[in-house]
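I opened my notebook to work through one protein chain.

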Amino acid sequence: MKIKRSELHFYELLRDYLYMYLIVQRKFSPATVKNYTDSLELYRLYLREQKGIPFDKAGFHCFTKDMVYDYCIWLRDSQSKAVSTINLRLSAIKSFLCYCSEEDVSLTELYLKVKTIHYFKGKTDPKLEYLKPAQLEAVFSAPDTTTRNGRRNQFFMIYAYETGGRVEELVSMTLGDIIRNGGSVQIRLHGKGDKTRYNPLPEEVIPHLNAYISEFHPDGKNTDYLFYTIHNGKHTKMSPRTVNAFLATYAKHLHETDPAFPENLHCHVFRHSIGMAMYKAGIPISYIKDFLGHSSLDSTTIYAHADNDAMAEALRSVDQEALPETDDAGSIISFPQKKWKGKEEYLLRFCGLG
């Protein structure tokens, strides 16, 4: 059936919100835009699968307060989603409707009613610990590299981050797990459930690897542990306790000088840090899953949830910027003036004129 021009209004606003407002006007990062897009896509699937409303029949009649609230309850009771996830999905819908009310005054009542849905309370997901780029640089610089152990510890931290390995995978690694092919290097990691994966080592890390092997394994055999401690003159497997001990020392010192640095640092934080860096760079979740050796995507999506803080801040700024000005009685006086950039070019492309 041919769709009438008036029936395209919903789809036009949705398109402008995702591809114009968020990207051009708000200049959100690709990862943040993806969070908004995913939230609205999940609502679309809910409407299709739970309400029997296909996308070509969707419209603003699907965004009533009752329907949005029912969606949140479905996420909580049928899908067992965490409170933080439910609130994230609700925030995205509110943000979209807020934008629509700004574009079309007739949609203001719809937005204001949905806006009255309170955010859910209860147990939230545990906070994912990861280091930001500046913190990584600080901890990599923390060891005293004039000492042998300092050089070992520095390389261990760089290696832990770049490979995404678990502490047991790292301390169990042998020289035979470093596979060279011309100028490139692959790392073999033996993970949980006796599963093996191969991760590429970035080109800029190879000189660090070569320097470490040159000093610590001048005559090494493939069966030698890459990281070791010396007992009775022999190389023995480094224990996770040893790793945690030197990490704790660096964390304590860095936390004293910068309270924002985590007071407790463990090897898994480097794994989380590379996972978050990959997610923020827009690398597909499925690739991150394979890189980290997760058995299912459920474990990997923690990086999407952990990025909620940045998204929540963006959502708050959207809500505040787009709220209409009201008088003491609550009546709308005016809507904020929009500062569009590049809209003409976008509309030309949208209409097929550019």
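Which residue takes a positive phi in the hairpin of strand 1 and strand 2? I looked it up: glycine 182, with a phi near 70°. That hairpin has two residues between the strands.

**Ground rules**

I noted that this is a predicted model: local features need pLDDT of at least 70, side-chain atom pairs count only at pLDDT 80 or more, and totals for chains, interfaces and linings use all residues. Residues are numbered from 1 along each chain as its sequence is written, and side-chain values use heavy atoms, with hydrogens and water left out.

**Overview**

I found 16 helices and seven strands in the chain. Helices (H or I, at least four residues) and strands (E, at least two) are DSSP runs, numbered from the N terminus. Of the 354 residues, 43% count as buried. Buried means under 20% relative accessible area, exposed means over 50%, and partly exposed lies in between (1.4 Å probe, protein chains only).

I traced an open sheet of three strands in the order 1-2-3, with antiparallel pairing. Two strands pair if DSSP finds at least two bridges between them. Strand 1 (178-181) and strand 3 (196-200) stand at the edges with a single partner strand each, so one side of each has no neighbour in the sheet. Four bridges join strand 1 to strand 2 (residues 184-190). Across that pairing, isoleucine 178 stands opposite isoleucine 187.

Most residues other than glycine have a negative phi. Lysine 27 has a phi near 55°. Its place is the loop between helix 1 (9-25) and helix 2 (30-50), and lysine 27 is exposed at 58% relative accessible area. Asparagine 232 also has a positive phi, about 55°. Asparagine 232 is found in the loop between strand 4 (228-231) and strand 5 (234-237), and it is exposed at 82% relative accessibility.

**The cores**

How many residues does the largest nonpolar core have? I read 52. A nonpolar core is a set of buried Ala, Val, Leu, Ile, Met, Phe, Trp, Tyr and Cys residues joined through side-chain atoms within 4.5 Å. Those with the most contacts inside this core include Ile178, Leu265 and Phe270. Helix 7 gives the largest share, seven residues. A second, separate core has 43 residues, among them Leu18 and Tyr71.

I then checked leucine 265. Leaving aside neighbours within four places in sequence, leucine 265 is in contact (heavy atoms within 4.5 Å) with Leu131, Val139, Leu247, Ala248, Ala251 and Phe270.

**Salt bridges**

I found nine salt bridges in the structure. A salt bridge is a side-chain nitrogen of Lys or Arg within 4 Å of a carboxyl oxygen of Asp or Glu.

Lysine 34 bridges to aspartate 38, with the closest N and O atoms 2.8 Å apart. Both lie in helix 2, four residues apart, about one turn of the helix.

Glutamate 215 pairs with arginine 151, the closest N and O atoms being 2.7 Å apart. Glutamate 215 lies in helix 9 and arginine 151 in helix 7, so the pair ties together parts that are 64 residues apart in sequence.

Is lysine 289 buried or exposed? Lysine 289 is buried, at 19% relative accessible area. Lysine 289 forms a salt bridge with aspartate 290, which is partly exposed at 48%.

My last entry is a network of salt bridges linking Arg166, Glu169 and Arg197.
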